[in-house]
There are 2 protein chains.
Amino acid sequence: MAKATAKPAEPVTTDDRQPPTGKRQAIIDAAARVFLQAGYGAASMDAIAAEAGASKQTVYSHFGAKDALFAAIVEGKCEDLMAPVAMPAVPARDHEKALAELARRFVASMLAPGNMALFRLVIAESARFPELARAFYRAGPLTAVENLAGYLTELADAGTLTTGDPIASARLFFSMLRGDIYIRALLGLDETATAAEMEALVRQAVSAFLAAHAPK
Amino acid sequence: MAKATAKPAEPVTTDDRQPPTGKRQAIIDAAARVFLQAGYGAASMDAIAAEAGASKQTVYSHFGAKDALFAAIVEGKCEDLMAPVAMPAVPARDHEKALAELARRFVASMLAPGNMALFRLVIAESARFPELARAFYRAGPLTAVENLAGYLTELADAGTLTTGDPIASARLFFSMLRGDIYIRALLGLDETATAAEMEALVRQAVSAFLAAHAPK
């Protein structure tokens, strides 16, 4: 992740990794497919090289070992995760619309099969790679909460809603979106929620959240 | 799981497996420790036999293979999961107290290190053992929702609160408890939430839930 100069909407990170070359990115993409399909333990450098259409030597020249590849995948994904949790550009008076749009993006991003599969892999490998679990947490859940808490503070200052603790309120908002669909996806029971189910979830969450934070 | 005749508080299940003998249970307990520590793939029957203080032959005579042991662990745990999600025995007029007590038990059960470790293992192995992921879902999240939805229907009939969809409301209630503490535990970042943090989460959820379901 380079420092976010070209993309001001994304939070600044502190990783000074060089931008990926085309070949490097092709290997990362191939490795992601192999890891997500086989799991970390069963993924071999041979399979990754074959999937990338590269020699094993080329894979090793870009990434010394399997753990470096896994780190590159998670770090790359962390950048993708940050975009959907930025506050939507909606006028402040349309706060209900802004919250619904944020919820919609969050649910879509969280449930996207590739993201959910990676999340499950990060959970499974968190004992081996605690720093990647932490990077994932920072890029997704933590950034989402911080962005929303800032917005809720503005709304509270304007008297649009009441909150004694914007961080706690923001955490509640996102937790409301971790319902039955989420648990089922996490357990691999049902990875394709319908658009109607997602929209019902979004509406329920926004409506309950606003009722619980009604202006005094 | 035997049919719940001696333990009427627990939901009846349909598995007619014989009750475990002492040796059998000792092997299951030992296997659980090995699986949770090493992961499914890396856990060996040798390590399990050593942990149980049994011969490998004894382990094989009780369980033909590693997958049968894993199934026995998850099925045993499913019974434990059901007790905390039964509605607390509190007079109906104390509905706020009942909801808080239910939330408290749910959070404590969900975050208990052994349960969270098993949940992470079931997530990691859900592609290999979809039927175990389903059993886990039924015993925990689904039973919790069904029990609460029944209680919410009673409260709605009595005019204590409003809900157009008791199942959706029950799902919202439990999702409110899957906040930051939960995500951090899932990612292995922080498995020991303080009692004060858990209590703050419970109070926030109950209060927001009641505001969102206020009687008309």
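The model is a prediction, so to speak of local features a pLDDT of at least 70 is needed, side-chain atom pairs count only at pLDDT 80 or more, and totals for chains, interfaces and linings use all residues. Residues are numbered from 1 along each chain as its sequence is written, chains are lettered from A and ligands numbered from 1 in the order in which they are written, and side-chain values use heavy atoms, with hydrogens and water left out.

Confidence comes first. The model scores ipTM 0.82 and pTM 0.83. Among the helices (DSSP runs of H or I, at least four residues, numbered from the N terminus), α8 (residues 166–175) of chain A has the highest mean, 97, and α4 (residues 66–82) of chain A the lowest, 84. Over residues 1–17 of chain A, pLDDT stays under 50, and the model has 25 contacts beyond four places in sequence for that stretch; a contact here means heavy atoms within 4.5 Å.

As for the fold, chain A has 10 helices and 0 strands. Of its 216 residues, 49% are buried, meaning under 20% relative accessible area. Contacts with a separation of 6 or more in chain A come, for 68% of them, from residues 24 or more positions apart.

The largest pocket is lined by 37 residues, with L121(A), A124(A), E125(A), A124(B) and E125(B) nearest its centre. Helices α1 (22–38) and α6 (113–124) of chain A, together with α1 (22–38) and α6 (113–124) of chain B, are the elements that give two or more residues to this lining.

Finally, I167(B) sits in helix α8 (residues 166–175) of chain B. Leaving aside residues up to four places away in sequence, I167(B) touches V145(B) and A149(B). The C-alpha atoms of I167(B) and N147(B), 20 residues apart along the chain, are separated by 9.5 Å.

Technical notes. On a 1 Å grid over the protein atoms alone, a cavity is a set of points where a 1.4 Å probe fits but cannot get out, and a pocket is an open set with protein on both sides within 12 Å along at least five of seven lines; lining residues have an atom within 4 Å of a point. pLDDT is the predictor's confidence in each residue, from 0 to 100. Buried means under 20% relative accessible area, exposed over 50%, partly exposed in between (1.4 Å probe, protein chains only).
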